[in-house]
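I opened the structure and kept notes as I went. The entries follow in the order I looked things up.

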Amino acid sequence: LLFQVEELAGVPMRRDADLPPAEDEFWSRPVSLKMNDATIRQILEVLLQKANLDYDVESDHIRLKKAD
């Protein structure tokens with residue numbers, strides 16, 4: 001789902017070095033969301049919260065990081 005959000009946002013997402021690599025099962029775990037009339041930001045925040053992650057908006061990408 002995260003990669004679909006990346007596509008919808010039209011902005012690349014990059015992981016911090018301390019997050020699992022792209023091929024890790026962490027990124028392919030099933031996630032269930034039920035939202036109506038949500039913005040991309042709202043979807044991203046709920047999705048990342050479920051994975052105990054956070055993000056920063058950089059000039060040309062969204063940086064994924066561990067939640068504080």
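This is a predicted model: local features need pLDDT of at least 70, side-chain atom pairs count only at pLDDT 80 or more; totals for chains, interfaces and linings use all residues.

Entry one, proline 30. I found proline 30 in the loop between β1 (13–15) and α2. I then checked its surface. Proline 30 has a relative accessible area of 80%, so I logged it as exposed. Next I looked along the chain.

Entry two, the helix pair. I took helix α1 (residues 2–9) and helix α2 (residues 40–50) and compared their axes. The axes come within 10 Å and cross at roughly 160°. Over 145 degrees counts as roughly antiparallel, so I put α1 and α2 down as roughly antiparallel to each other. The crossing of α1 past α2 is left-handed. From α1, Leu2, Val5, Leu8 and Ala9 make the contact; from α2, Ile40, Ile43, Leu44, Leu47 and Leu48 do. I sorted these by class and got nine nonpolar, no polar and no charged residues.

I located histidine 61 in the loop between β2 (53–57) and β3 (62–66). Is histidine 61 buried or exposed? Its relative accessible area is 12%, so histidine 61 is buried. I looked for partners. Leaving out residues up to four places away in sequence, I listed Val11, Pro12, Arg14 and Asp56 as touching histidine 61.

Key
Residues are numbered from 1 along each chain as its sequence is written. Side-chain values use heavy atoms; hydrogens and water are left out. Helices (H or I, at least four residues) and strands (E, at least two) are DSSP runs, numbered from the N terminus. Buried means under 20% relative accessible area, exposed over 50%, partly exposed in between (1.4 Å probe, protein chains only). Contact means heavy atoms within 4.5 Å. Axes are lines fitted to C-alpha atoms, for helices over the stretch in contact, and angles run from 0 to 180 degrees between N-to-C directions. Angles under 35 degrees count as roughly parallel, over 145 as roughly antiparallel, 65 to 115 as roughly perpendicular and the rest as oblique. A crossing is left-handed if the near helix is turned anticlockwise from the far one by less than a right angle, and right-handed if clockwise. Ala, Val, Leu, Ile, Met, Phe, Trp, Tyr, Cys and Pro count as nonpolar, Asp, Glu, Lys and Arg as charged, and the others, Gly among them, as polar.
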